[in-house]
Amino acid sequence: METEAPVAGPAVPGGLPGGTHRRAGAALAGSVHPGGLPTSGVSLSERLTALARLVQIGSARVGPDGFNAGLLDDAEALLARAGERLRLSSHHTIVVLAGGTGSGKSSLFNQLAGAQYSPAGVLRPATKEPHACVWGMEGAGPLLDWLGIEPRRRYARSSALGEGERALTGLLLVDLPDHDSVTSGSAEVTRLIAQADLMVWVLDPQKYADAAVHSRYLVPMAGHSSVIAVTLNQADLLTPEQAQDCVSDLRRLLDAEGLHDARVLVTSATSAAGVADLRRALIETVIARQAALRRISADVDAVAARFAPYAGDAEARARVRSAVPWTDALEPAAPEPAAPVAPAGPPWATPESPGGPGANGDMPAAPDAVGDTGSGAAETAGDIVDIARRAVPTAASDALAAAFCAAAGVSGVGHALQSARELKAVDYVGWPVAWLADRVAGRDPVRKVRLGALWDELRAVSAGATGAQRSEISNAITTVADEAGRGLPRPWQASVRQAARSRTDEIPAALGAAIAQSLPKENSVAPWWRAVAAWQGLLLGAAAVGVVWLLAIVILGAFGAAPHATLLLRDVSLLPWVALMVAAILLLGWLTANGCMAVVIREADQEREQAQQRMRTAIADVAQLFVLAPVERELSEFARFHDELTVARATG
């Protein structure tokens, strides 16, 4: 529907002085800065990207002790709403007229539109459905569809416009249902207010301090005061002095509620007083084309502020940041456990069609949520464990490794290994005479049984911790998680504990594998043992030959059993010397056995220390991989959360 707006008539006698309207109109336009948004050098696209990452981080940690699901839903709704708004026409500014029953809102809408588009009630003035008037209909269709305005309630101002009307090209003015109507309800009003670029609240002198308006709408939107205007309508019912008193009182109320930047205007839909000033202020707002960006920025401010409690205090942030250079290396390499699958990109990250907001430069295209937007955190590849090794205090990580070693029984394993090596060495470097004596006395089977029991014990330890040892492991993990999460907000403390325990079931087997890899091969033999065994065999053989020689001399020489035998076997005078030689051989074998066993004991002790060191190193790696690395990744996410929050709040 296309009509021509009539020229506004002169002010009714008794109306407010023109200077009052001009000051109010200047206040409305004065907060619009065509040069851009005051966001500390951070663009709106970067802030939206940071907010999307906050949602991504929070979604992996939602729950009773985690992030509030309602907050994440609100943030996702904002991202979707901002994406839709940025994709739709940037040439239009959505201005809604909101108010209660009888405030004259629809009459003011008709005055601005120049025609009776929105019917004003006679018996009971009430607006049940939204009506929209568009100056410049081209490209506004999708925007009206997004707002949910029915086609029969859409009106166009696009032909035969006067000079003043032509300046309003790009204005999409919506007359909202009454917020206090029992028939239309407030849900529709709340939805359209959330989609508006600029909100103009129309109040009347009788109900401008109505608690329903202030507590339900104005106070919760104190952070949106730069995109809120309040007009005191029905000024024709007041004297100039009364109007000034009402404006002063309304200003006081708004300031007390935190809406310091909200503009106050004075109008009369009946006499058209102040309407021209409101129209002029709307013209300047439309020309600036910043209202949509300001509204989205204010929405981001409000939602980002609700994430602030999850960032912790300055001391906790400083502790994490002092441990890890997160500003240079921030993105963890390993994926989040239990994190939801991220979509290809948020709604506001889709490419724009030719001629869309990104083409004319008026509205920035929202970036991809995973792209590089300069949000204060450079993303580099690399192993998060190497990057974050200092995230957990050294004392806590050392205590965890020590607890794991105690639970795995490293000390007992080392001593069992040493005993097994010493028992095994007896078979090679021990004096065979003593070994034969043990066999005769039945002590050798006992040694064999003990040796087998030791290796059975070592194999059992290598299978993993059980019983009380698992309890020790659990206590140690709890201690390091509490230390790592000290001072962090409750959701992050819970997520750090969860991360520390994320691989608890794998730890016993990993400890057993670490011990098994650190132990030498079962019943392995040192090369020099075999050489000593050969030497002992030669000595034993020599001693046996000497004994046979002695017996031959006694039998052949002393008793003359073989008078023609060689002299060496008959000469009784050789008996002392042969006996001395046998004794010397036996002594040499005994000394060799004792000396070699001393060497074996020393080497077994060294091997025990080396094996224990290997076990401690391997177990420390297990603690790092299964406990500390997940904790460090969680702390990296905490640091990344703070960086993204700083960008989202435009404070850095």
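Which helix holds both Asp605 and Arg608, and how many residues apart are they? Both lie in helix α24 (residues 575-648), three residues apart, about one turn of the helix. Helices here are DSSP runs of H or I with at least four residues, and strands are runs of E with at least two, numbered from the N terminus.

The model is predicted: local features need pLDDT of at least 70, side-chain atom pairs count only at pLDDT 80 or more, and totals for chains, interfaces and linings use all residues. Residues are numbered from 1 along each chain as its sequence is written, and side-chain values use heavy atoms, with hydrogens and water left out.

**View 1. Salt bridge between Asp605 and Arg608.** The closest N and O atoms of this pair are 2.5 Å apart; a salt bridge is a side-chain nitrogen of Lys or Arg within 4 Å of a carboxyl oxygen of Asp or Glu. Asp605 is partly exposed, with a relative accessible area of 26%, whereas Arg608 counts as buried at 12%. Buried means under 20% relative accessible area, exposed over 50%, and partly exposed in between (1.4 Å probe, protein chains only).

**View 2. Salt bridge between Arg87 and Glu84.** The N to O distance is 2.9 Å. Helix α3 (residues 69-87) contains both residues, which are three residues apart, about one turn of the helix. Arg87 is partly exposed at 29% relative accessibility, and Glu84 is partly exposed at 28%.

**View 3. Salt bridge between Lys105 and Asp178.** Their closest N and O atoms are 3.3 Å apart. The pair links distant parts of the chain, 73 residues apart: Lys105 is in helix α4 (residues 105-113), and Asp178 is in the loop between β4 (171-175) and α7 (187-195). Both Lys105 and Asp178 are buried.

**View 4. Salt-bridge network of Arg61, Glu634, Glu637 and Arg640.** These four residues are linked by salt bridges. The search of the whole structure finds 24 salt bridges.

**View 5. Ring pair of Phe67 and Tyr310.** Rings of Phe, Tyr and Trp (its six-membered ring) pair if their centres lie within 6.5 Å; planes under 30 degrees apart count as stacked, over 60 as edge-to-face and the rest as tilted. The count comes to eight aromatic pairs. In the Phe67 and Tyr310 pair the centres are 4.3 Å apart and the planes at 15°, so the pair is stacked. Phe67 is in the loop between α2 (44-59) and α3, and Tyr310 is in the loop between α11 (291-307) and α12 (314-323), 243 residues apart.
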